[in-house]
Amino acid sequence: MPISINGSGTVTGISVGGLPDGIVDTDMIATSAVTAPKRGAGAVLQVVQKPVTSAYAASIGSTETVPTGFFKTITTTTNSSKVLILVNMTLAIGQSYNGSQWKIRRNSGTDDTTVSGSANLFVGDAAGNRDQATMAMQGPLMGGSSASLNGFSCGTQFLDTPGNAGAYTYFVVFRDTVSSDNFFYLNRGFNDSNNQDQPRSTSSLTLIEVAG
């Protein structure tokens, strides 16, 4: 088929691969013209983050509790998208309890941190009556002084497949597996006295949409 330049300004007759290499450069591609499907699997489509710089302390028993503000919503753009979850926390727990744990959860919708009905993500296999958690912890100073317990950095990464395109809220829940309360401290130490040796620190929840 011969190449024709039509009166309307269109060109016909060019076959696939008919243009010389390099003729289409970055300037010729319109802004946002390369859609998610064209970028291919593994491409980063968007990144959102919830930084948490405030201190949090709570007495928590066997009821799962979401730390104040520790959640983030992402609206995926394709049905095949995956969400890479990056959790980083500076966390301290009470000194004398066993069975303290946290896990990451997902809910459908915007800013919905309702624990009931949410999906557990990246937890250990079921094994009898053992609870399933993302990370289980024990008081690091059992039986000792807790005056200088400042916390430690912990976190995880997980590639989630939420399903259809839409809004999803990811969050962290804390829980103590015994009925008596345990204390969880985020971005602060156990004592939290007004001294240089009791620093305030940071945590974050980062969500990255990855093309499926």
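A polar contact is a pair of N or O atoms within 3.5 Å, where, within protein, one atom must be able to donate a hydrogen and the other to accept it. In this predicted model, such a contact joins the side chain of Glu209 to the side chain of Gln46, at 2.7 Å. Glu209 belongs to strand E13, which covers residues 203–210. With a relative accessible area of 0%, Glu209 is buried. Beyond its neighbours within four places in sequence, Glu209 is in contact with Ala43, Val44, Leu45, Gln46, Ile74, Thr75, Thr76, Thr77, Thr78, Ser81 and Lys82.

Aromatic residues were examined next. Three aromatic pairs are found in a search of the whole structure. One of them is formed by Phe122 and Phe158, whose ring centres are 5.1 Å apart and whose planes are at 15 degrees, so the pair is stacked. Because Phe122 lies in the loop between strand E8 (119–121) and strand E9 (135–137) and Phe158 in strand E10 (residues 152–160), this pair ties together parts that are 36 residues apart in sequence. Phe122 is partly exposed, at a relative accessible area of 41%, and Phe158 also counts as partly exposed, at 24%.

The rings of Phe174 and Phe184 likewise form a stacked pair, because their centres are 4.7 Å apart and their planes are at 20 degrees. Phe174 lies in strand E11 (residues 167–176) and Phe184 in strand E12 (residues 182–186), so that the pair links distant parts of the chain, 10 residues apart. Phe174 is buried, with a relative accessible area of 0%; Phe184 is buried as well, also at 0%.

A further ring interacts with a charge: the charged end of Lys50 sits over the ring of Phe71, 5.0 Å from its centre.

Notes. Residues numbered from 1 in each chain as written. Predicted model: local features only at pLDDT ≥ 70, side-chain atom pairs only at ≥ 80, totals over all residues. Heavy atoms only, no water. Helix = DSSP H or I, 4+ residues; strand = E, 2+ residues; numbered from the N terminus. Buried < 20%, exposed > 50% of the residue type's maximum accessible area, 1.4 Å probe, protein only. Contact = heavy atoms within 4.5 Å. Phe/Tyr/Trp six-rings, centres within 6.5 Å; stacked < 30°, edge-to-face > 60°. Lys NZ or Arg CZ within 6 Å of the ring centre and 35° of its normal.
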